[in-house]
Amino acid sequence: MKVYIGKDKADMAQHAADMAAEKIRKAIADNGEARIIVATGASQFEFLEALVKEPDIDWTKVTGFHLDEYVGIPVTHKASFRGYMRERFVAKTPQPLKVFNEVNGEAADPDAEIDRLEKLIRVAPIDVACIGFGENGHIAFNDPPADIDTNRAYKVVPLDEKCRMQQVGEGWFPDLAAVPTHAFSMTVKQILWAKSIVCTCPDSRKADAVKGSLEGPVTNMCPGSLLQLHPDCGVFIDPPAAAKLTK
């Protein structure tokens with residue numbers, strides 16, 4: 001794991017985008033295509049803005065997946081991650097993506113939706129997963145204690161109260177009662193199977209999660225710590241997020 005502490009949020013995001021873009025270009029050069037995972041949330045605003053401006057990426061050769069979606073949320077809801085991806089990533093790339101595979105939170109049959117996504121993502125390896133840490137240390141919606149044994153690509157997971165309160169704090173929902181209790185989430189193993197991982201995590205409210213993920217023991221009680229096991233992982237943070245690091 002390599003850690004970069006940016007001068008500020010914009011510097012952090014640019015360096016993260018540089019790493020992701022390098023991996024995407026290499027995958028296209030080597031394989032004729034790139035397969036990527038892209039995260040949502042307030043922590044990814046600056047990163048995605050920088051990524052779509054990276055030069056010399058043929059986006060028509062890029063297949064994308066996103067990490068998670070609330071169960072039962074329509075795409076028109078301001079908290080919908082499908083809506084977020086369409087607005088902040090899919091619509092912003094200079095050329096249309098080859099395809100972007102959405103998680104349908106309104107699927108009538110969740111098991112069938114998971115089967116559909118798994119077939120799509122297992123066609124070929126993921127070249128780069130662009131993710132973040134939640135305030136409780138989660139990656140995707142794998143709240144502690146995260147399931148680190150399943151080999152499924154996605155599953156429906158319960159959301160703990162700290163995770164749900166983060167969504168309220170970021171302004172996606174008016175109060176805790178409005179936040180769904182379950183979500184479709186990419187699993188920990190599926191994330192770790194990516195060839196490279198770019199993790200972007202700004203803000204002081206993430207400082208405990210950053211410390212636990214980077215300096216704590218590897219444990220499913222802090223899912224971000226499992227990135228310590230990955231052979232090609234870059235973690236990009238700003239000074240407020242780094243405030244509690246001691247190493």
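**Note on the predicted model**

1. Strand E1 (2-5), helix H1 (9-31) and strand E10 (233-237) each supply at least two residues of the lining of the largest pocket, with helices (H or I, at least four residues) and strands (E, at least two) taken as DSSP runs numbered from the N terminus. This is a predicted model, in which local features need pLDDT of at least 70 and side-chain atom pairs count only at pLDDT 80 or more, while totals for chains, interfaces and linings use all residues. Residues are numbered from 1 along each chain as its sequence is written, and side-chain values use heavy atoms, with hydrogens and water left out.

2. The largest share of that lining, four residues, comes from E10, and the lining residues include Met1, Lys23, Pro231 and Phe236. A pocket here is an open set of points on a 1 Å grid over the protein atoms alone, where a 1.4 Å probe fits, with protein on both sides within 12 Å along at least five of seven lines, and lining residues have an atom within 4 Å of a point. By class, the lining of the largest pocket has eight nonpolar, one polar and three charged residues, where Ala, Val, Leu, Ile, Met, Phe, Trp, Tyr, Cys and Pro count as nonpolar, Asp, Glu, Lys and Arg as charged, and the others, Gly among them, as polar.

3. Serine 196 belongs to strand E9 (residues 196-201) and is buried, with a relative accessible area of 4%; buried means under 20% relative accessible area, computed with a 1.4 Å probe on protein chains only. Leaving aside neighbours within four places in sequence, serine 196 is in contact (heavy atoms within 4.5 Å) with Lys23, Asp127, Val128, Ala129, His230 and Asp232. Lys23 and Asp232 are also among the residues that line the largest pocket.

4. Strand E6 (residues 128-131) is joined to E9 by four bridges, and the two run parallel; strands pair if DSSP finds at least two bridges between them. In E9, cysteine 199 is the bridge partner of isoleucine 131. Strand E2 (residues 34-38) also pairs with E6 in the parallel sense, over three bridges, and valine 38 has cysteine 130 in E6 as its bridge partner. Val128 and Cys130 point one way from E6 and Ala129 and Ile131 the other way, and all are buried.

5. Elsewhere, an open sheet of three strands has the order E4-E8-E7, with antiparallel pairing. Its edge strands are E4 (68-70) and E7 (154-158), each of which pairs on one side only. Aspartate 68 stands opposite serine 185 in E8.

Note on methods: Buried means under 20% relative accessible area, exposed over 50%, partly exposed in between (1.4 Å probe, protein chains only).
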